[in-house]
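Subject: Structure handover

Hello,

Here is the structure we talked about. Please open it first and read the notes below beside it.

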Amino acid sequence: LMRAFRNSLLTAPTASVGATVLATLAALGTQRRHGGAANAINALIALPLVVPEIVTAVASLLFFIMIGLRLGLGTVILAHLVFCIPFAYLPIRARLEGMDAALEEAAADLYATPAATFRRVTLPLLWPGLLSGLMLAFIISLDDFVITYFVSGPGATTLPVYIFGMIRIGVSPEVNAVSSLILLISIAFVAASWAIGRLRR
């Protein structure tokens with residue numbers, strides 16, 4: 001149980017941080033751009049949300065086997081990272097859409113470099129979306145069972161998979177306690193993500 005708990009604590013933060021970074025880059029790259037290319041990118045990023053999770057899990061497993069990657073904690077983190085990108089992307093993209101473009105233009109008028117504008121103007125305004133996306137990605141990764149079940153190898157069991165194995169031999173007080181704890185953490189993170197996403201200034 002403690003090994004599964006440690007695996008979850010390693011997988012969820014790593015995958016959520018990586019997904020948030022990639023989602024931020026994607027959101028900034030498609031910011032205020034419209035047309036076929038932007039729509040195609042948005043559709044591609046949102047694909048894991050509309051494709052059944054079992055399809056994503058099987059496709060990830062086949063891909064890892066095809067490239068000869070040994071199943072383990074690394075494959076779990078990679079699969080979670082890709083799966084969590086849309087969940088981090090949506091709040092970040094929504095936050096960018098709500099930002100006033102005149103603020104960045106004013107920074108450019110004051111001779112700020114693009115890097116300085118991003119650091120001093122864009123990033124402070126974007127942080128609620130970043131934090132909201134990070135928390136959503138974290139809880140999605142922490143709770144995921146289907147993808148983890150398919151792409152994990154020996155010693156890479158996470159809490160949801162471990163709980164599933166325990167349930168097959170009977171429900172014990174240990175299972176109830178761990179499940180309740182995960183549920184409370186999930187509710188807290190989702191509520192905090194929603195509250196942070198509503199921040200305006």
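Which residues in helix 3 meet which residues in helix 4? Glu53, Thr56, Ser60 and Phe64 in helix 3 meet Thr75, Leu78, Ala79 and Phe83 in helix 4, where contact means heavy atoms within 4.5 Å. By class, the residues of this contact are 4 nonpolar, 3 polar and 1 charged. Here Ala, Val, Leu, Ile, Met, Phe, Trp, Tyr, Cys and Pro count as nonpolar, Asp, Glu, Lys and Arg as charged, and the others, Gly among them, as polar.

Some background before the rest. This is a predicted model, in which local features need pLDDT of at least 70 and side-chain atom pairs count only at pLDDT 80 or more, while totals for chains, interfaces and linings use all residues. Residues are numbered from 1 along each chain as its sequence is written, and side-chain values use heavy atoms, with hydrogens and water left out.

The whole chain

The protein chain has 9 helices and 0 strands. Both kinds of element are DSSP runs numbered from the N terminus: helices are H or I with at least four residues, strands E with at least two. The C-alpha trace spans about 65 × 40 × 25 Å along its principal axes. Of the 201 residues in the chain, 40% are buried; buried means under 20% relative accessible area, exposed over 50%, and partly exposed in between, with a 1.4 Å probe and protein chains only. Among contacts with a separation of 6 or more, 81% are between residues 24 or more positions apart.

Two helix pairs

Two packed helices are described by the angle between their axes and the distance between the axes. The axes are lines fitted to C-alpha atoms, for helices over the stretch in contact, and angles run from 0 to 180 degrees between N-to-C directions.

The axes of helix 3 (residues 53-66) and helix 4 (residues 73-97) come within 11 Å and cross at roughly 135°. Helix 3 is therefore oblique to helix 4; under 35 degrees counts as roughly parallel, over 145 as roughly antiparallel, 65 to 115 as roughly perpendicular and the rest as oblique.

Helix 1 and helix 8 (residues 159-167) have axes 8 Å apart and pack at about 150°, which means that helix 1 is roughly antiparallel to helix 8. Ala4, Phe5 and Ser8 in helix 1 meet Leu159, Pro160 and Tyr162 in helix 8. This contact has 5 nonpolar, 1 polar and no charged residues.

Is Ser8 buried or exposed? Ser8 is buried, because its relative accessible area is 4%. Leaving out residues up to four places away in sequence, Ser8 touches Pro13, Leu142, Thr158, Leu159 and Pro160. Leu9, also found in helix 1 (residues 2-29), counts as partly exposed because its relative accessibility is 43%. Leu9 and Thr158 are 149 residues apart in sequence, but their C-alpha atoms are 8.8 Å apart in space.

The cores

The largest nonpolar core has 17 residues, and those with the most contacts inside it are Ala23, Ile85, Tyr89, Ile92 and Leu126. A nonpolar core is a set of buried Ala, Val, Leu, Ile, Met, Phe, Trp, Tyr and Cys residues joined through side-chain atoms within 4.5 Å. Helix 1, helix 4 and helix 6 (114-143) each supply at least two of its residues, and helix 4 gives the most, with 7. Apart from this core lies another, of 9 residues, among them Leu61, Phe64, Val76 and Ile147.

Regards
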